[in-house]
Amino acid sequence: MQTFPLILDVAGCEAVVLANGTFPSAEIPLRLLSQAPYVCACDGAVLRYPAADAVVGDGDSVPAEFRSRLICISEQEDNDLTKATRHCMAKGLRRIVYLGATGGREDHTMGNVFLIARYLEEFGIEPLLATDSGWFVPVRGAATFASFPGQQVSIFNLTCTHLSARGLKWEVYPYRQLWQGTLNEATGDFFDIEADGLYLIYRTYLGKS
């Protein structure tokens with residue numbers, strides 16, 4: 001059974017992909033960004049974090065002073081988040097944290113959140129998408145999640161026909177709609193998920209106020 005820590009150990013993060021959404025302001029994502037061994041900015045996001053090691057995109061939003069770090073990818077099949085992911089993978093980096101991937105247009109936010117499930121399934125990496133409130137991880141099969149009483153938890157079922165849990169306040173079942181698994185709550189120091197497919201877990205940094 002897979003085990004997921006309460007908060008990603010900074011030492012376990014191999015790379016940060018910084019998207020051009022809302023720049024993080026909370027302590028945990030800022031710490032992940034500042035201590036990451038490698039940061040790849042998506043196009044114009046380098047303007048918010050000039051220390052990025054690389055910039056990936058079509059280059060339209062990248063000023064001249066960052067051109068030496070630009071990996072220009074003009075194809076339009078994948079978005080900049082996926083192009084940056086492929087760049088990190090080419091460097092052998094597999095444990096990737098995504099920041100700045102939410103905010104702005106809502107369709108971009110939803111697309112980026114569900115892209116990390118693709119990255120787990122198709123690319124075989126360990127993705128985590130962090131916001132200022134909490135973080136998403138894609139999971140396949142049974143898993144244990146470190147938690148704390150009152151932590152807010154949401155489960156987004158993608159392909160499971162069997163889905164159940166121990167250690168959450170409300171019943172978990174193989175939801176047919178994405179909204180059905182939201183707004184659950186941990187009751188102890190961990191919770192277990194039994195599943196036969198792919199799903200996303202969202203956990204908050206803080207408990208319910």
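Arginine 166 stands opposite aspartate 192, a residue of strand 13. The model in which this pair is seen is a predicted one. Strand 11, which spans residues 163–166, is an edge strand, and 4 bridges join strand 11 to strand 13. A second topic of this briefing is aspartate 53, which lies in a loop between two strands.

**The sheet around strands 11 and 13**

- Strand 13 covers residues 190–195 and runs antiparallel to strand 11.
- Strands of a sheet pair through backbone hydrogen bonds, and the pairing may be parallel or antiparallel.
- The open sheet consists of 4 strands in the order 1-9-13-11, and its pairing is mixed.
- Its edges are formed by strand 1 (2–4) and strand 11 (163–166), each of which pairs on one side only.
- From one strand to the next, the twist averages 20 degrees.

**Aspartate 53: surroundings**

- Apart from neighbours within four places in sequence, aspartate 53 is in contact with Pro37, Tyr38, Val39 and Arg69.
- With valine 39, the side chain of aspartate 53 reaches the backbone nitrogen at 2.8 Å.
- Leucine 70 is 17 residues from aspartate 53 along the chain, and the C-alpha atoms of the two residues are separated by 9.4 Å.

Methods
Residues numbered from 1 in each chain as written. Predicted model: local features only at pLDDT ≥ 70, side-chain atom pairs only at ≥ 80, totals over all residues. Heavy atoms only, no water. Contact = heavy atoms within 4.5 Å. Polar contact = N/O pair within 3.5 Å; in protein donor to acceptor, adjacent residues only side chain to side chain. Pairing = 2+ DSSP bridges. Axes fitted to C-alpha atoms, helices over the stretch in contact; angles between N-to-C directions.
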